[in-house]
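Have the sequence and the model open beside you as you read.

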Amino acid sequence: TLRLICTTTAVQRKNVGASGPEKYTEAFIKKQIEEFNLGKRHLANMMGEDPETFTQEDIDRAIAYLFPSGLFDKQARPLMKHPTEVFPEQRKIQWGEDGRPFHFLFYTGKQSYYSLMHETYEKLLTVQKHQDQLIAQDSSIPLQKEKRNLAGSRWLTKIELEEMLLEKVSDDDYSRFIQLLQKLVALPCADIEEKYIQKFSKEVPVQLQKVVIEPLQYDERGVAFSTGEGQRKTARATAVVYDNGTGKITVNGIDILHYFPVLQDREQLLFPFQFLGRIGKHDMVCTVSGGGRSAQAGAIRLASAKALRSFVTEKEVEFMRQAGLLTVDPRVKERKKPGQEGPRRKFTWKKR
Amino acid sequence: PCHDTARALGDSPASLVPCRIMPVRWSRYNPSYLEPEVKKESYQKPLEELTEEEREQMELKAVRPIKAAPPTLSSSVFSDPMISKFTNMMMKSGNKVLARSLMSQTLETIKRKQLEKYHKAPENEKVTIECNPYVIFHQALKNCQPIIGLSNITKGGKTYQVPVPLTDNRKRFLAMKWLITECREHKHRRTMMPEKLSQELLLAFNNEGPVIKKKHVLHKMAEANRAYAHFRWW
């Protein structure tokens, strides 16, 4: 057998057990923060900008400029972020010098989770006591609860809970905690503990209308028009919808009757107009490239729906969104896998 | 367990989501996306007429993202989900153009036959003759749907045919499948599919014909195997 002579000490040390995830000391993190701040100022000087007003976006742009990388995974590219974002938060040592742990639930293994459950249950008991007191006084349960806007808020996800508690939470534990919270919220007098509950609920943006609707533009003749872009599979389309029209639609300079001989495609093109009831009122000129017959029709449909948003009230835009006219269809052709004939079809099974 | 499957598949994007009841194996959409509602009438209802559930549904829809409408679905009066499903089942090797043209020819043939009958019939019978091909199609499918089906259950080495209730989807699927296989197999080489299909649909509309007979045979088998009904455990 060959024995390696020129080796590093790291390789020679064999059979050392894994010591868990790397622990970063506070001094180490502090040093990293100092180095980051110094590096930020150096970078600002290099780029010729003011070191005082150099934001994180500027840093990202500078790094992308100085170290261009063609790697596909964004997380594999060169990165310069504040150390608190790079190094995950870790718990400090949970026991003192004599070896005794600080927290009374340390030996359960999941001290933060169980202490959280205890706290929540205590709140539940206080609410129930309050309720009993009210019944004893007035013999009536105040039903002031107008239903909490269930659609407007959501509970913390499992990963967010893990970040909050700084320890792993299993699926079962998480679902138990959520059930307990729901039980707490279901009681009529839960308003007392509103603050505590708000720690674990997050606001969901009430309307998914985060998209900005562009205002109408006017061309030389004074006719209002608006543009929209759409895509489906590999087809890309742009549509310009004119007001005061007769319902004529032109694709790549060709009338739709000639460009889309199939009825289904023409139905798709007219779908947004038919939904809004504006069939004979608009003219449309589109350009489309790539994809196949159905993909081009879908791309033009999306482009025209986006263009029509400027002509129409906000409520109708919301209706269009709920009809599925404004979402980009993410379905693409599935890739073929090795060892199979197609994306799903396996090779013929032969007994021998 | 639902979270792990979602993460293990690796396909769903990073935004986390509560567990689905029926996880789809591989959907390009995040599970929080809801189905689109295409019919115009449902958006024209004023607020007061909605029930509690509908109000909750509306609020939920306002917050969640919605999937894109598929190319077969449209808000026009001519698009019917049942007809689209039937057309897809008739389609061979992805030739949707041909399947759709066959479907429209079938509906045309039904209309022509019924109009012929209508014009030949005496005055008092004219009311009873149904001319709308869509109504005939829906009614024929309804008449063909079996109520109860059979399922193979192996117990003690022997396989028994156990009567089992069917879901709505399964009933519709069976009705459509029987119609199509019937038309494909038992027709003369020279007859066109639309003609044969329209014939079968008209017979089914009047509760006659081979498909209805097949449904009755299935019902009789289920009745005969009634003794094994307790083998079902779901």
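## Ground rules

This is a predicted model, where local features need pLDDT of at least 70 and side-chain atom pairs count only at pLDDT 80 or more, while totals for chains, interfaces and linings use all residues. Residues are numbered from 1 along each chain as its sequence is written, chains are lettered from A and ligands numbered from 1 in the order in which they are written, and side-chain values use heavy atoms, with hydrogens and water left out.

## Where the chains meet

Chain A brings 38 residues to the contact and chain B brings 40 residues (contact means heavy atoms within 4.5 Å). Between them the chains bury about 3400 Å², with 54% of it on carbon and sulfur atoms; buried area is the accessible area (1.4 Å probe) that two parts lose on being put together, summed over both. On the chain A side, the most area is lost by A:Gln264, A:Glu267 and A:Gln322, together 17% of what that side buries.

A:Glu267 also pairs with B:Arg100 in a salt bridge (3.4 Å, N to O), and the rule finds one salt bridge across this interface. The term stands for a side-chain nitrogen of Lys or Arg within 4 Å of a carboxyl oxygen of Asp or Glu. The side of chain A that touches chain B draws at least two residues from each of α6 (158-165), α10 (263-276), α11 (293-308) and α12 (314-322). Its largest share, seven residues, comes from α10(A). Helices (H or I, at least four residues) and strands (E, at least two) are DSSP runs, numbered from the N terminus.

How many cavities of 30 Å³ or more does the rule count? The count comes to two. A cavity is a set of points, on a 1 Å grid over the protein atoms alone, where a 1.4 Å probe fits but cannot get out, and lining residues have an atom within 4 Å of a point. A volume is the space filled by probe spheres set on the points.

The largest cavity has a volume of about 100 Å³. Among its 15 lining residues, A:Arg232, A:Gly298, A:Arg301, A:Asp329 and B:Ala69 are the closest to its centre. The largest share of this lining, three residues, belongs to α11(A). The second largest cavity, of about 30 Å³, is lined by A:Glu214, A:Pro215, A:Gln217, A:Phe225, A:Ser226, A:Thr227 and A:Ser310. Here β4(A) gives the largest share, three residues.

Methods
1 Å grid on protein atoms, 1.4 Å probe; cavity = no way out; pocket = protein on both sides within 12 Å on 5 of 7 lines; lining within 4 Å.
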